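Biologist: Could you take me through one part of this model up close? I'd like to hear about the salt bridges, in plain words please.

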Amino acid sequence: EIYMEIPESLRDKYDPDEWVTELLKSLYGTKTAGNNWNKCIDAYMRAHGYKRCRSDPCVYYNRKKDIIVCIYVDDIVCVPAREKDGYKFFKGLDAEYGIKDMGELDYVLGMEVRKVADDLVLTQEAYAKRILADFKMQDCKGVTTPMAPSVRITKDEEGPGSDQERYRSIVGKIAYLATCTRPDLAYTVSKLSRYPNNPKRSHMLAVMYALRYIKRTSDYGLRFPQGETTMEMYV
């Protein structure tokens, strides 16, 4: 429950020292808006036969209709086995909430989605270039590895200090790349994220080296071939 002060336009009718208004509809920015929307959309999905994925609560599935739905706040991606079922899903959503159908997925949450032949490719090229621009590294010389092979990152208590806010910002942005489409950066992020509170010059140099790798590999991503696939892993 949320209560608000009487708006100025109503103060001639209601004394703000004696009256308050009860908020009937969640608004962007209120603390409970996200939670209210989550309850609302969850109830809608369950009422229409969808189950919530245990491993990822943002994913719903309907085995009878063979549909997977991914929800991030109010960005909704529907993956139907049959196009007509996807159309019915969005038509139902539109009747309930009023939505804007953006058509076939090509961009979501900083990820570019495109088809190459029969394969699906996910990249974050635009996001990677934006990181480089934000930290004035767009013209740097690229390198072929995310970390210099000879470098060992340690606590480095005696080294000269570095800008903590800048360090955290860069590592956080690289972490989003690693989480979505760039698992080749995961090890580097795991090492760099150990020293956010008191980064030294050696840590900042390692971060800048990772940005130089991103410069060379900004178009890297994940490619999903059609049909059965096997994943090869190298350690």
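Modeller: The structure holds 9 salt bridges, where a salt bridge is a side-chain nitrogen of Lys or Arg within 4 Å of a carboxyl oxygen of Asp or Glu. The idea behind them is simple: side chains of opposite charge can pair when their charged atoms come close. Before we zoom in, keep in mind that this is a predicted model, where local features need pLDDT of at least 70 and side-chain atom pairs count only at pLDDT 80 or more, while totals for chains, interfaces and linings use all residues. Residues are numbered from 1 along each chain as its sequence is written, and side-chain values use heavy atoms, with hydrogens and water left out.

Let's start with D42, which pairs with R46; their closest N and O atoms are 2.9 Å apart. Both residues sit in helix α1 (residues 33-47), 4 residues apart, and that is about one turn of the helix. Helices here are DSSP runs of H or I with at least four residues, and strands are E runs of at least two, numbered from the N terminus. Now for how covered the two partners are: buried means under 20% relative accessible area, exposed means over 50%, and partly exposed is in between (1.4 Å probe, protein chains only). D42 counts as buried because its relative accessibility is 13%. R46, with a relative accessible area of 47%, is partly exposed. The story goes on past this pair, as D42, R46 and R52 are linked in a network of salt bridges.

Next, hop over to helix α3 (residues 125-134), which holds both K129 and E125, again 4 residues apart or about one turn of the helix. Their side chains meet in a salt bridge at 3.2 Å, N to O. K129 is partly exposed at 46% relative accessibility, and E125 is partly exposed too, with a relative accessible area of 25%.

One more pair to find on your screen: R182 and D184 form a salt bridge, with the closest N and O atoms 2.9 Å apart.

Along its principal axes, the C-alpha trace spans about 70 × 55 × 30 Å.
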